[in-house]
Amino acid sequence: MLNKDLVKTERRTRTEPIISIENVVASASVNQPVDLNQITRLFPNVEYRPEQFPGLVFRLKNPKTATLIFNSGKMVCTGAKSEGHAIKAVKMVVERLRGAGIDVRNEPEIEIQNIVASASLGGRVKLEEAAMILPRSMYEPEQFPGLIYRMDEPKTVILLFASGKLVCTGAKREEEVYRAVKKLHIILEDYGLMIYD
């Protein structure tokens, strides 16, 4: 079994993983009620169908994001490709509301909730053997073609495929994504589970 203390993420691997941040989800609150009907009147392009969903959707083109705004003043921003873009998007939405005359007195309190990234390790992976080595992993190829690995530190969930491609979710900071992917890559190499053509 794996000794997590032996994994040093400073070590180089045979190939450097190619990592792409796909989606950053941030929650925010301005800690005051917001009139969604007023926003709808002032911004005709927003989507608001309260009979279907209690939130209003405010889209930005740059950074390309969708921010859900609720009556409570709570917000959820999705679609950003970095932590910085998620924070910028929420602040831009608040500024646009203020610019249109909506009384938003407080600065938004923003917190990153989840970062989803994809990555390629540059080689194929022996998934069956990986499932035996990695603790808290699940591999049932008849139900799902990927191995599901719940990493403790940093706390993430990685879906790993035989192609060497993976999806990492659950990180709260971009640095955690890079650390998790690098750590997994080193473990796979150390146990001879990477196949390089």
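Two strands are taken to pair if DSSP finds at least two bridges between them. In this predicted model, strand E1 (residues 18–29) and strand E4 (residues 74–80) meet that condition, joined by five bridges in the antiparallel sense. Within this pairing, Ser 27 stands opposite Val 76 in E4. E1 also pairs with strand E5 (residues 109–120), again antiparallel, over 11 bridges. Here Val 24 faces Ile 115 in E5. E5 in turn is joined to E10 by five bridges, and these two strands run antiparallel. Ala 119 has Leu 166 of E10 as its bridge partner.

These pairings belong to an open sheet of nine strands. The strand order is E2-E3-E4-E1-E5-E10-E9-E8-E7, with antiparallel pairing. E2 and strand E7 (137–138) form the edges, each pairing on one side only. Strands of a sheet pair through backbone hydrogen bonds, either parallel or antiparallel.

The protein chain as a whole contains four helices and 11 strands. Its radius of gyration is 21 Å, well over the 16 Å that the globule rule gives for 197 residues, so the chain is more spread out than a compact globule. The C-alpha trace spans about 60 × 35 × 25 Å along its principal axes. Buried residues account for 43% of the 197 residues. Among contacts with a separation of 6 or more, 64% are between residues 24 or more positions apart. The accessible surface comes to about 10800 Å², and carbon and sulfur atoms contribute 52% of it.

The largest nonpolar core has 33 residues. Leu 121, Ile 158, Leu 160, Leu 166, Val 177, Leu 184 and Leu 188 touch the most other members. At least two residues each come from E1, E5, helix H3 (127–133), strand E8 (147–151), strand E9 (156–160), E10 and helix H4 (174–190). H4 gives the most, with six residues. Another core, of 21 residues, lies apart from this one and includes Val 30, Ile 39, Val 46 and Leu 60. In soluble globular proteins, nonpolar side chains tend to be buried together.

Val 177 and Cys 168 illustrate the contacts between elements. Beyond residues up to four places away in sequence, Val 177 touches Ile 19, Ile 21, Ile 115, Ala 117, Cys 168 and Ala 171. Cys 168 sits in strand E10 (residues 165–171). Cys 168 counts as buried because its relative accessible area is 0%, under the 20% limit. Leaving aside neighbours within four places in sequence, Cys 168 is in contact with Ile 115, Val 116, Ala 117, Thr 156, Val 157, Ile 158, Val 177 and Ala 180. Cys 168 and Ile 21 are 147 residues apart in sequence, yet their C-alpha atoms are 9.2 Å apart in space.

The structure holds three aromatic pairs. One of them joins Phe 43 and Phe 58, with 5.1 Å centre to centre and 65° between the planes. This pair is edge-to-face, since that class takes planes over 60 degrees apart. The pair links distant parts of the chain, 15 residues apart. Phe 43 lies in the loop between helix H1 (36–42) and strand E2 (56–60), whereas Phe 58 is in strand E2 itself.

Terms used: Residues numbered from 1 in each chain as written. Predicted model: local features only at pLDDT ≥ 70, side-chain atom pairs only at ≥ 80, totals over all residues. Heavy atoms only, no water. Phe/Tyr/Trp six-rings, centres within 6.5 Å; stacked < 30°, edge-to-face > 60°. Buried < 20%, exposed > 50% of the residue type's maximum accessible area, 1.4 Å probe, protein only. Contact = heavy atoms within 4.5 Å. Rg over C-alpha atoms; globule rule 2.2 N^0.38 Å. Areas by Shrake-Rupley, 256 points an atom, 1.4 Å probe, with all protein chains shown as cover. Core = buried A, V, L, I, M, F, W, Y, C linked by side-chain atoms within 4.5 Å.
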